[in-house]
Amino acid sequence: TKEEVILFSNPASDFISFAVTEKNPANTISVRDIAGNEVVKSFFSKLPAEKISTANLADGIYFLTVQNQSGTRTKKIVVRR
């Protein structure tokens, strides 16, 4: 089965939470703006769920990318205050 990324609080105002639906995930996570610029520095996580602050992001559309051995998944995030 294809592993998925589930987003919580989208549109986001203060933070975006997400979960990866697989056992023992080892994920590299990044957030990019619509122009492709990395706005949240990539980080590595072995947790099945994470929370990322959106406090320093302007209102707009961003893309959360989660990459691991199962592949790369990208989800659209909307930041709105």
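## Asn-27, a buried polar residue

Asn-27 is buried, at a relative accessible area of 1%; buried means under 20%, exposed over 50% and partly exposed in between, with a 1.4 Å probe and protein chains only. This is a predicted model: local features need pLDDT of at least 70, side-chain atom pairs count only at pLDDT 80 or more, and totals for chains, interfaces and linings use all residues. Residues are numbered from 1 along each chain as its sequence is written, and side-chain values use heavy atoms, leaving out hydrogens and water.

Asn-27 lies in strand β3. Strands (E, at least two residues) and helices (H or I, at least four) are DSSP runs, numbered from the N terminus. The side chains of Asn-27 and Asn-68 make a polar contact of 2.7 Å. Such a contact is a pair of N or O atoms within 3.5 Å; within protein, one must be able to donate a hydrogen and the other to accept it, and residues adjacent in sequence count only if both atoms are side-chain atoms. Beyond four places in sequence, Asn-27 also touches residues including Val-20, Phe-43, Leu-47 and Val-66 (contact: heavy atoms within 4.5 Å).

## The sheet around β3

Four strands form an open sheet in the order β4-β3-β6-β7, with antiparallel pairing. Two strands pair if DSSP finds at least two bridges between them. β4 (38–45) and β7 (71–79) are the edge strands, each pairing on one side only.

β3 (residues 27–33) is joined to β4 by five bridges and to β6 by six. Val-31 stands opposite Val-40 in β4 and opposite Leu-64 in β6. Ile-29 has Phe-43 of β4 as its bridge partner. β3 and β4 form a hairpin with four residues between them, and Gly-36 in the turn has a positive phi of about 95°. Five of the seven residues of β3 are buried.

## The nonpolar core

The largest nonpolar core has 15 residues; Phe-18, Ile-52, Leu-64 and Val-66 have the most contacts inside it. Such a core is a set of buried Ala, Val, Leu, Ile, Met, Phe, Trp, Tyr and Cys residues joined through side-chain atoms within 4.5 Å. β2 (15–20), β3, β6 and β7 each give two or more residues to this core.

Leaving aside neighbours within four places in sequence, Leu-64 contacts several residues, among them Val-5, Phe-18, Ile-29, Ile-52 and Ile-77.

## Asn-56, an exposed loop residue

Asn-56 is exposed, with a relative accessible area of 77%. Asn-56 sits in the loop between β5 (49–53) and β6 (60–68). Asn-56 and Val-40 are 16 residues apart in sequence and 9.4 Å apart in space, C-alpha to C-alpha.
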